[in-house]
Amino acid sequence: MQSLQEKASEWSGVHQDDAFAIDETNLYEKLGLQTFINLSTNFYNRVYDDEEEWFRSIFANSKKEDAIQNQYEFFVQRMGGPPLYNQRRGHPALIARHRPFPVTHQAAERWLHHMQEALDSTTDIDPDSKTKMMNFFRHTAFFLVAGDELKNQKQGVGCKHAAGKPAAA
């Protein structure tokens, strides 16, 4: 039986080593908090304005401002910054937090489309960082798709994506 990480690599086309290349550089120190806020704001503006009702409906019960904050705090924490997400919301537990939503291949691809556009239009992020981030996002999106298969099995799964990094000194 394939692990969730193996499925994520197969479905995303991103090898785990490439997905976790974000750990080779402290992207938080390199890019700064405001860049992550800008990226998440840009992303969620696109999501909430999506032309596809089925996709917008996934986010219908969330306030855009909360979604932006949750995302940038997770990104900051995961990419080398302080544990903002953990301090406010607890462990990210990505699969459990996404369990109420239809995390399908189609939804992952739509999410990734908006994230790629948000990355492309966030000029404060250099090309190498954009590549590392997109590899991480793509792998993570399909990690969640794989986790969605467990939805009806009521199993808990550990998550390397949620591993917080120590705050920069």
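This is a predicted model: local features need pLDDT of at least 70, side-chain atom pairs count only at pLDDT 80 or more; totals for chains, interfaces and linings use all residues.
Begin by selecting helix 1, residues 4-12. Its buried residues are Leu-4, Gln-5, Lys-7, Ala-8, Ser-9 and Ser-12. Step next to Gly-13, which follows helix 1 and has a positive phi near 75°.

Now turn to the largest nonpolar core, a set of 43 residues. Select Phe-36, Leu-39, Met-79, Met-115, Met-133 and Phe-137, the residues with the most contacts inside this core. Two or more core residues come from each of helix 1, helix 3 (27-31), helix 4 (33-48), helix 5 (53-58), helix 6 (64-78), helix 9 (105-121) and helix 10 (127-148). Helix 10 gives the largest share, 10 residues. In soluble globular proteins, nonpolar side chains tend to be buried together.

Centre the view on Leu-39. Beyond its neighbours within four places in sequence, Leu-39 is in contact with Phe-75, Met-115, Ala-118, Leu-119, Thr-122, Ile-125, Met-133 and Phe-137.

Finally, display helix 4 together with helix 9. Their axes come within 9 Å and cross at roughly 135°, and the two helices are therefore oblique to each other. The crossing of helix 4 past helix 9 is right-handed. On helix 4, select Leu-39, Asn-42, Phe-43, Arg-46 and Val-47; on helix 9, select Trp-111, His-114, Met-115, Glu-117, Ala-118, Leu-119 and Ser-121, for these residues make the contact. Coloured by class, the contact shows seven nonpolar, three polar and two charged residues.

Technical notes: Residues are numbered from 1 along each chain as its sequence is written. Side-chain values use heavy atoms; hydrogens and water are left out. Buried means under 20% relative accessible area, exposed over 50%, partly exposed in between (1.4 Å probe, protein chains only). Helices (H or I, at least four residues) and strands (E, at least two) are DSSP runs, numbered from the N terminus. A nonpolar core is a set of buried Ala, Val, Leu, Ile, Met, Phe, Trp, Tyr and Cys residues joined through side-chain atoms within 4.5 Å. Contact means heavy atoms within 4.5 Å. Axes are lines fitted to C-alpha atoms, for helices over the stretch in contact, and angles run from 0 to 180 degrees between N-to-C directions. Angles under 35 degrees count as roughly parallel, over 145 as roughly antiparallel, 65 to 115 as roughly perpendicular and the rest as oblique. A crossing is left-handed if the near helix is turned anticlockwise from the far one by less than a right angle, and right-handed if clockwise. Ala, Val, Leu, Ile, Met, Phe, Trp, Tyr, Cys and Pro count as nonpolar, Asp, Glu, Lys and Arg as charged, and the others, Gly among them, as polar.
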